[in-house]
Amino acid sequence: MIDNKQFWANSFNSVYDDHEKFVIYRDFKINLRMLIIKNIFNNFKNNFQLYGTDWKDYFKEAYANIEKKKTIQNLYSGNICLDLGSISGSLSLYPRSIEIIESGGYLLQLRQSDSKQTFGKYEDCFTFSDLDDLNKKIKTLEENFELYKSQLKSLREIFQNSKKNIEKQLDFIL
C-alpha cells in the first residue's frame, strides 16, 4: 500500500510537501520492518540470525555489522536471506538484494513495486506480501529441501544473463 503512488496522492497530497511525505514513508517502512523481524523471532528464532548494528538497539539477539565482503558472501550463500527492501525506495534490485543473489543466497523479499517485472513468473517464489505469506514460505522451504534447491536454481536462471543485459544497456546509452 505505501509503495502505491495513488495512496500518497489521495491521502497526503494536499497536506505535506515531498520531503515530509518521504519522512512519513521512511517511518512506515521502519515500523513495517520492526513488525516483520518481531514475527520472525517469534516463529523462527532458532533458525534466524539478524545482522546490523542498528538492529542491536531493538533486538538483543542481533549481531553487529559484518564488514568483510567474503564473510557476507559466505553468510548469504546457501541460506534463505530475508530482504525487506531498501529503506528509501521500493525496487527489488538494489545493492543488498543483488549481493544476496550473486552470493548464491535464496532471496525472500518483501514484495516491491517492480517484483513482477523483476521475477516474472517466479514472483510468488521470491516475494512475500504479508506475515502469513512469509511464515508459510519459510516453513515450506525449511521442510522441503528439494523445493528449496529447485527455486534457488530458478533464481540463478533469472539473473544468469544480467551482465550481458547490463552491457547491452550501457552500449545503448553510450
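A residue is counted here as buried when its relative accessible area is under 20%, and by this criterion buried residues make up 38% of the 174 residues in the protein chain of this predicted model. The accessible surface of the chain comes to about 11,500 Å², and 51% of that surface belongs to carbon and sulfur atoms.

The secondary structure of the protein chain consists of nine helices and three strands, which follow one another along the sequence in the pattern α-α-α-β-α-β-α-α-β-α-α-α. The radius of gyration is 17 Å, close to the 16 Å that the globule rule gives for 174 residues, so the chain is as compact as a globular protein of that length. Taken along the principal axes, the box filled by the C-alpha atoms is roughly 50 × 50 × 30 Å. Of the contacts between residues at least 6 apart in sequence, 53% join residues that are at least 24 apart.

The three strands form an open sheet in the order β1-β2-β3, with parallel pairing. Strands β1 (80-83) and β3 (127-128) are the edge strands, each of them pairing on one side only. The pairing of β2 (residues 106-110) with β3 is in the parallel sense and extends over two bridges, and in β3 it is T127 that stands opposite Q109. Helix α8 (residues 145-158) lies across β1 and β2, and runs at about 80 degrees to β2.

Helix α5 (residues 115-119) includes T118, a residue that is buried because its relative accessible area, 14%, falls under the 20% cut-off.

A search of the whole structure finds zero disulfides. For C81, the closest cysteine sulfur is that of C125, at a distance of 16 Å, which is too far for a bond, because a disulfide requires a pair of cysteine sulfur atoms within 2.5 Å. C125 is likewise in no disulfide, the nearest cysteine sulfur being that of C81.

Note on methods: Residues numbered from 1 in each chain as written. Predicted model: local features only at pLDDT ≥ 70, side-chain atom pairs only at ≥ 80, totals over all residues. Heavy atoms only, no water. Pairing = 2+ DSSP bridges. Helix = DSSP H or I, 4+ residues; strand = E, 2+ residues; numbered from the N terminus. Contact = heavy atoms within 4.5 Å. Axes fitted to C-alpha atoms, helices over the stretch in contact; angles between N-to-C directions. Rg over C-alpha atoms; globule rule 2.2 N^0.38 Å. Buried < 20%, exposed > 50% of the residue type's maximum accessible area, 1.4 Å probe, protein only. Areas by Shrake-Rupley, 256 points an atom, 1.4 Å probe, with all protein chains shown as cover.
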